[in-house]
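Reader: Can we go through this structure together? I would like to know how to read it.

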Amino acid sequence: MLNNKKTTGQKTISFHISGMHCASCASNIQRKLSKTEGVVVASVNYANEQATLDIDEKLFNGEVATEAVESLGYKAHIGVEDTTDLAEKERNAEIDSLKKRLSVSAVLTVFLLIGAMVPFSPEILKNPWVMFVLATPVQFWVGRNYYRSAWSAFLNKTTNMDTLIVLGTSVAYFFSVAVVLFGNYFEKNGVETHMYFETSATIITLILLGKFLETRAKGQTSAAIKKLIGLQAKVAHLVSGKTTKDIEISQVKVGDVLLVKPGEKVPVDGVIISGNSYLDESMVTGESLPIEKSKGHKVIGSTLNTSGIFEMRTEKIGSETMLANIIELVKSAQGSKSPIQKLVDVVSSYFVPVVIVLALVTFGIWFVFGPEPILIRSLVSMISVLIIACPCALGLATPTSLMVSVGKGAENGILIKNAEALEVANKITTVIFDKTGTLTKGKPEVQKQAFITSGTRINSLSAVEKSFNWKLPKGMNFEEYSESLMMSIETKSHHPLANAVVKYFENGNHKNLTVKNFKDIPGKGISAQVDDKQVLVGNKKFLVENKVVLSLDLEPLSETWQETGHTVTYFAVNNKHILSLGIADAVKEGSKEVITKLTDLDVKSIMMTGDNKGTAKAIAKQVGLADYVAEVLPQDKEKKVRELRAQGEIVGFIGDGINDAPALAAADVGIAMGQGTDVAIESAGITLLRSEISLVPQAIKLSKATMLNIKQNLAWSFGYNIILIPVAMGVLYPIWGMQLNPMLASVAMAFSSLSVVSNALRLKKVKL
């Protein structure tokens, strides 16, 4: 995919890369591409398998860049426009491969553990040659990617977690092979031997399980993009003279006249040239109420036409439409995220070289100063050092805590989709809330009612009945009859607010009355003759135009409601103003308490919405927010997130709509409401299953507890290394003549792992 930049002579290109299996792969490719002629800046993202390059068009050569990537053993798809399906096929193939290897590895490892650990196991499983046969495919077929990654890191003069895995498992495996081949020789020289086949196999199997879960989760990015693409209309009604024909959306051209019917999606971006309707644009603007559109108004592709019929002239098609821009924003935001540098990887980058040096120093000291048999003792001590440093506990320290934490979150309605989101959530300094569907319920409700009986001039129901002199149906009072008049006309209306009115009054004592001469006047209201009375429902302008006498008691209330973000619906009968209703998107229960809890966690809260400033101000006041931004589009939300991140803030964004997807992806942590759109959910790292924002501070608390637990695990696992590596090197030999046996090193490793797992299980008792 190509995106032109403003800088003359420069262009940004992005393309899919096949074959990456770890973060170091992305780092190696990025380093290689950065050195390629014509590349100004290179960025490779392992999460979505995308490379993004700022290039000098005069110097850049796509074939050279492709060869550079292929020289590292990967494949670059430069120039391929849509690689979503390709990436999905590759990911599915990798998941199938991991599943097969994991199944084989698990079975073979179980047999090895039975043979090594169970006293009464069958003799055949204890046979050294059988163990050798069982362990070899696990080591080299199942664990082949670890060797590739470690080798790649070695070529780039660095180390990673895979280096530890390869180092520890290889030492355990090859020492065990040496025992199988030369065990008698060791025993003749008084050296106790032990095989570690089960150790190497168990480490590989456990880490492969984590890799399988990670790969399966990576599919969320492409799934979100596919759902966005699926929102596009498939067919358009092309107007040609007096005829209309259906054409594929890909055949639409700029300047075409298209017909849009009720209930259909707007095919592309354009402008209305005739007709009028109400459009649900919530996917783009976040506005909860459909917007009235008529001649001259702009319309956005893929938004929903809720009522009327209109003709439009096409202005933007294909990649230029608003939805296409949202798709590109999501891709860009996901691709530009910096991978979180895990604490384990940081420590490991120093730990591995140090261990290797210490092992070599140990061998040298024993070889020069040790007693006979010098070579055997030197090898045993060196191997003990390497086995003590084997990353079993180190490898378990993070994933076990994460597994328990994810389970704890799920029990409380917090779905954590990746480890990065959980790790970063504890550092959040600013939370941005989308308004509609997040802080509010996302649908209009009648929140204010003022009936003429509530006034001061006519303050009793009997007085009202007498002043109007209506003949009321049996069993109904004046107020109930008035509501019946309103319900009878509103049930025939397609106006977005009509449903809110009908729902508000639906449980009352009402009668279905005869409606005649029903008229719907777009942008104003509706009128009809109901039970021999002239009834009007609409806005203030509509009533004034029809010479309705506005109530001196009700009108001040109506004006106050408008100032607080309510849409006011007026009801009049026979030119008399009887009722006013204030309709707005209701605030969710507990929203104010959530803001308070976040403040207690030293987290700043901001509200962002596509609604007007009056509504935004009213909602912000209700929930106790001082900071809010109104009238924003999707790109504005994403831009605000980036601005805050540039200022050093760790940003969490909470939303539920398609329009929130770019911001959710751009934030350090995206948190989606469970009842929101699929695209929002899949663009986020955390989903609140019950759509309760009270879970936001709970998610942050869980993250803080998890990260503390991980650090404790790392400290515990490294504590063994700090204490036992010197023992393995032989510091006790001059004092007590004790040389650490590799088997004891294995026991220490097992105890370290047990301690880490036990500590991780404590997360189950954390109170959120």
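Author: What follows goes through some helices, a cavity, some strands and one lysine. This is a predicted model, in which local features need pLDDT of at least 70 and side-chain atom pairs count only at pLDDT 80 or more, while totals for chains, interfaces and linings use all residues. Residues are numbered from 1 along each chain as its sequence is written, and side-chain values use heavy atoms, with hydrogens and water left out.

Reader: OK, helices. Which residues are buried in H2?

Author: Ala 65, Thr 66, Ala 68 and Val 69 are buried in H2, which covers residues 62-70. Helices (H or I, at least four residues) and strands (E, at least two) are DSSP runs, numbered from the N terminus. Buried means under 20% relative accessible area, exposed over 50%, and partly exposed in between, with a 1.4 Å probe and protein chains only.

Reader: What caps the N-terminal end of H2?

Author: Asn 61 does, with a side-chain oxygen 2.8 Å from the backbone nitrogen of Glu 63.

Reader: And H21, what is buried there?

Author: In H21 (residues 554-563), the buried ones are Leu 554, Glu 555, Ser 558 and Trp 561. They line one face of the helix, because seen down the axis of H21 they fall within an arc of 120 degrees.

Reader: What covers them?

Author: The cover includes strand E17 (440-451), helix H20 (540-545), strand E21 (567-573) and strand E22 (576-587). After H21 comes Gly 565, whose phi is positive, near 85 degrees.

Reader: New topic. How many cavities of 30 Å³ or more are there?

Author: Two. On a 1 Å grid over the protein atoms alone, a cavity is a set of points where a 1.4 Å probe fits but cannot get out, and lining residues have an atom within 4 Å of a point. Grid points are joined across faces, edges and corners, and a volume is the space filled by probe spheres set on the points.

Reader: How much space lies in the second largest cavity, and what lines it?

Author: The second largest cavity holds about 60 Å³ of space. Its lining includes Gly 565, His 566, Ala 584, Asp 585 and Gln 622. Helix H23 (613-623) gives the largest share of that lining, four residues.

Reader: Strands next. Which strand is Glu 311 in, and what is opposite?

Author: Glu 311 is in E14, where Leu 259 has Glu 311 as its bridge partner, and Ser 274 also stands opposite Glu 311. E14 (residues 310-316) pairs antiparallel with E8 (residues 257-260) over four bridges, and six bridges join E9 (residues 269-275) to E14, again antiparallel. Two strands pair if DSSP finds at least two bridges between them.

Reader: Last one, Lys 604. Why does Lys 604 count as partly exposed?

Author: Because its relative accessibility is 44%. Lys 604 is found in strand E23 (residues 604-608).

Reader: What does Lys 604 join by a polar contact?

Author: The side chain of Asp 627, at 3.5 Å. A polar contact is a pair of N or O atoms within 3.5 Å; within protein, one must be able to donate a hydrogen and the other to accept it, and residues adjacent in sequence count only if both atoms are side-chain atoms.

Methods. The arc is that of the directions from the helix axis to the C-beta atoms. Contact means heavy atoms within 4.5 Å. On a 1 Å grid over the protein atoms alone, a cavity is a set of points where a 1.4 Å probe fits but cannot get out, and a pocket is an open set with protein on both sides within 12 Å along at least five of seven lines; lining residues have an atom within 4 Å of a point.
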